[in-house]
Amino acid sequence: MVLGTGKVAVLHFACRSPTLKIRCMFVQTSRMYIKSAFALGLIVLIFFATPSVSAWGVWAHNRINRGAVLAQSGSLGAFLYNHVDYITEESSVPDARKHDFNDRAEGARHFLDVERFRLASMDSFPPTMKDAVAKYGADSLQKYGTLPWTINAMVRQLTEAFKNGNKSEILFLCADLGHYIGDAHMPLHTSVNHDGQLTGQQGIHGMWEAEIPEMFGDKFNLYSGNADYIVNVEHAVWGVIDRSHHMADTLLGIEAGLHKGKGDADLYVLDNEARKKHNRYGQAIHNPKYIENYYKHLDGMVDRQMRAAMRFTADIWYTAWVNAGRPDLSDLDPREVTNAQSGKMESEKKLYQSGKITGFKTANDF
Ligand SMILES: [Zn+2]
């Protein structure tokens, strides 16, 4: 199961397209069906895929979504685990829509430039997307971002999908929500200085969210507890943005201190002619010693934010299901699929409780 972002995106587009008429195949999905859909995606990919850059990095997005599945129990947990590979792989698809398919509406969903709004507190933001458009205009929101409004709107859609037993929508919305909630926990997604470009720290975004998790993630303790009910979702989502935004200055300040007086050889991996090496997306690759030093100085911030993203995603899915009236989801999949998955789910949950999320491979960004 090593699929890059672009490949998954092709699958997703195929599945969502009413014209391609294969959505039904996907709706009936079990892990077996998903494999055939992936194969179709790979074929289309040959013609259309281009490199992409992923927020949080594929490594972390994959694990945030998978951990959120493992944090569930009962009928919801069993249903989501039947589709755990899909939910894992789809975690990076919103980034692919943005980069690979140049979907103009997509970009703003991934961030909120909090400083642009010049508001005294998070409570001052308009509560819904509609209110925000009325106040700031659609064009401004495209520039400054819509992340929290996007999450809140999708939670309402997910609640409806649970009420209606709409399997494809439930899976699509759960996977996408995990992505946007992940982004909301990446502090630079809430700041206008999103890649340190205003402070001479370009590349910090990728180092924080992809190079660090890829280098040290296997040592992270990713256990995030069990899903819990959120009484006021909208308020909780703005709380996430608020906490993230307060961390942006911290992570930038730490790196600015480490950066001082360092040359390219200290900061980056260089080739024989002392030129910076880049990953396949054109991002400069940092010197592993520098990444390690930065990671140490962050004092667990990346791990904590990953766990927080995982838990909040789990809580949001669970809350939408509870608010839908706790529907029994066992009829949405053949009983044999659920039975076949249950043993695997139990052993993967044990691993999760020990802090590990494994059993699949990720196409890393760096
Ligand atoms: Zn994103």
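## Exercises on helix packing and a buried tryptophan

The crossing of α11 and α17 is right-handed. This handedness comes from a predicted model, as does every value below.

**Exercise 1. Find how α11 and α17 are oriented: the approach of their axes and the crossing angle.**

Solution. 
- Step 1. Locate the helices. α11 covers residues 147-164 and α17 covers residues 301-323.
- Step 2. Read the geometry. The two axes come within 8 Å and cross at roughly 50 degrees.
- Step 3. Classify. Roughly parallel needs an angle under 35 degrees, and roughly perpendicular needs 65 to 115. The crossing of roughly 50 degrees therefore makes α11 oblique to α17.
- Step 4. List the contact. V155, L158, T159 and F162 of α11 meet I316, A320, W321 and N323 of α17.
- Step 5. Sort by class. The contact has six nonpolar and two polar residues, and no charged ones.

**Exercise 2. Classify the crossing of α12 and α17, and say which residues make the contact.**

Solution. 
- Step 1. Read the geometry. The axes of α12 (residues 167-184) and α17 come within 9 Å, at roughly 140 degrees.
- Step 2. Apply the cut-off. Roughly antiparallel needs an angle over 145 degrees. α12 and α17 are therefore oblique to each other.
- Step 3. List the contact. α12 supplies C174, L177, G178, I181 and G182. α17 supplies A309, F312, T313, I316 and W317.
- Step 4. Sort by class. Seven residues are nonpolar, three are polar and none is charged.
- Step 5. Cross-check I316. This residue of α17 meets α11 and also belongs to the contact with α12.

**Exercise 3. Decide whether W56 is buried or exposed, and find what W56 touches.**

Solution. 
- Step 1. W56 sits in the loop between α3 (31-48) and α4 (57-70).
- Step 2. Count neighbours. W56 has 30 C-beta neighbours inside 10 Å.
- Step 3. Compare with the cut-off. Buried requires 20 or more, so W56 counts as buried.
- Step 4. Name the partners. Beyond four places in sequence, W56 touches H61, G182, D183, M186 and E209. G182 is also part of the contact between α12 and α17.
- Step 5. W56 and E211 are 155 residues apart in sequence, yet their C-alpha atoms are 9.5 Å apart.

**Exercise 4. Find where pLDDT stays under 50.**

Solution. 
- Step 1. Start with the average. The protein averages a pLDDT of 86, and 85% of residues score at least 70.
- Step 2. pLDDT stays under 50 over residues 1-54.
- Step 3. Note the contacts. The model has 92 contacts beyond four places in sequence for residues 1-54.

Key
Residues numbered from 1 in each chain as written. Predicted model: local features only at pLDDT ≥ 70, side-chain atom pairs only at ≥ 80, totals over all residues. Helix = DSSP H or I, 4+ residues; strand = E, 2+ residues; numbered from the N terminus. Buried ≥ 20, exposed ≤ 12 C-beta atoms within 10 Å, placed from the backbone. Contact = placed C-beta atoms within 7 Å. Axes fitted to C-alpha atoms, helices over the stretch in contact; angles between N-to-C directions. Left-handed = near helix turned anticlockwise from the far one by under 90°. Nonpolar A, V, L, I, M, F, W, Y, C, P; charged D, E, K, R; others polar. pLDDT = per-residue confidence, 0-100.
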